[in-house]
Amino acid sequence: MTDMEIKQSLLGLYDEEQGRKLPLDRGLFYSFLDDSRRILTLDFVKPNYVPDDVDRLLGQIRKKLSLLVSDYLKENREELVDYFIGELPKTRRLLLGSAKAILEGDPASDSIQEVVLCYPGFHAICNYRIANILYRIGLRFLARLATEDAHRSTGIDINPGATIGENFFIDHGTGIVIGETTVIGDNVKLYQGVTLGALSLRDGHSLQGKKRHPTVESDCTIYSNASILGGETVIGSGSTIGANTYLTRSVPPNSRVLLTTTGVTIEPKGTKHS
């Protein structure tokens, strides 16, 4: 084929898919994401910061998000940008709670600054928190870009639509998957390889908008490679889920779930074995 024939073939293939294709300035988006992370962790990345640094970052975030939003929306753009900016203090508090939880829970960590700058779990949580604001204001494509940025670098896949409470702790983290309709309470700790997923995707896109991922109530710990599936599955508060377990049913509060030679065992915490 000649270059002209290849060009015409490609142009035809480009036009074949008639679904909505959203404009995206990738450089602008990732610059906005970097600025958002920086303003949320400024005292750790630049301990000698001055108040003018905050003014500068807020201005950059506002300008860049306004430009990004203008490609998607014709109305309410300023309100959405204002909402994002207004959520930054709350998001900072949530992130600091996670950093403190990691520091207190991991004997290998020496400082909050180390957690913020070095830990992949914190990086993934930070991107998720930014993405979740974008998700809630309807910028779901941008939200997914933010979480996938962390997914590529950490191996931690948190859908921006998930609802996650305070002091969320990811230890190690590689291979964690948290689905869009997952609900996680406060003070929850996840280890590597945990999946909070859908029980079945047989009906595909028709499941959109339905609760299809589990709920993990507050003060739970889920150890490595556990899989908890299904929108009706609830892990009761204070429970511990052992490594390599596979759950598609709810467990009561303060339970201990273990993988034994006879399968998965659910028992109250404190049960003694002879």
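**Entry 1: terms and model**

I take two strands as paired if DSSP finds at least two bridges between them. I take helices (H or I, at least four residues) and strands (E, at least two) as DSSP runs, numbered from the N terminus. I note that the model is predicted, that local features need pLDDT of at least 70, that side-chain atom pairs count only at pLDDT 80 or more, and that totals for chains, interfaces and linings use all residues. I number residues from 1 along each chain as its sequence is written, and side-chain values use heavy atoms, with hydrogens and water left out.

**Entry 2: the chain as a whole**

I looked up the inventory and found nine helices and 15 strands in the chain. The C-alpha atoms fill a box of roughly 75 × 55 × 35 Å along the principal axes. Of the 274 residues, 46% are buried (under 20% relative accessible area; exposed is over 50% and partly exposed lies in between, with a 1.4 Å probe and protein chains only). I also looked up contacts, which are heavy atoms within 4.5 Å. Among contacts between residues at least 6 apart in sequence, 42% join residues at least 24 apart.

**Entry 3: the six-stranded sheet**

I traced an open sheet of six strands in the order S3-S6-S9-S12-S14-S15, with mixed pairing. Strand S3 (169–170) and strand S15 (263–268) stand at its edges; each has a single partner strand, so one side of each lacks a neighbour in the sheet. I recalled that strands of a sheet pair through backbone hydrogen bonds, either parallel or antiparallel.

At one end, I found S3 paired with strand S6 (residues 189–190) in the parallel sense over two bridges. Here phenylalanine 169 stands opposite lysine 189 of S6.

Further along the sheet, strand S12 (residues 240–241) pairs with strand S14 (residues 255–260), again over two bridges and in the parallel sense. Isoleucine 241 stands opposite valine 257 in S14.

I then followed S14 to S15, where the pairing is antiparallel over six bridges. Leucine 258 stands opposite threonine 265 in S15. The two strands S14 and S15 form a hairpin, with two residues between them.

**Entry 4: the four-stranded sheet**

I found an open sheet of four strands in the order S2-S5-S8-S11, with parallel pairing. Its edges are strand S2 (163–164) and strand S11 (234–235); each has a single partner strand, so one side of each is left without a neighbour in the sheet. Strand S8 (residues 215–216) is joined to S11 by two bridges, and the two run parallel. I noted valine 234 of S11 as the bridge partner of threonine 215.

Asparagine 167 lies in the loop between S2 and S3 and, at a relative accessible area of 26%, is partly exposed.

Asparagine 187 has a positive phi of about 60 degrees and is not a glycine. Asparagine 187 lies in the loop between strand S5 (183–184) and S6. With 36% relative accessibility, asparagine 187 counts as partly exposed.

**Entry 5: leucine 196**

I located leucine 196 in strand S7 (residues 195–197). Is leucine 196 buried or exposed? Leucine 196 counts as buried, because its relative accessibility is 0%. Not counting residues up to four places away in sequence, leucine 196 touches a set of residues including Val177, Ile178, Leu190, His213, Pro214 and Ile228. I also looked up threonine 248, 52 residues apart from leucine 196 along the chain; their C-alpha atoms are separated by 10 Å.

**Entry 6: helices H6 and H8**

I examined helix H6 (residues 88–105) against helix H8 (residues 120–136), which pack at an angle of about 160 degrees with their axes 10 Å apart. Axes are lines fitted to C-alpha atoms, for helices over the stretch in contact, and angles run from 0 to 180 degrees between N-to-C directions.

From H6 I listed Thr91, Leu94, Leu95, Ser98, Ala99 and Ile102 in the contact, and from H8 Phe122, Ile125, Cys126, Arg129 and Ile133.
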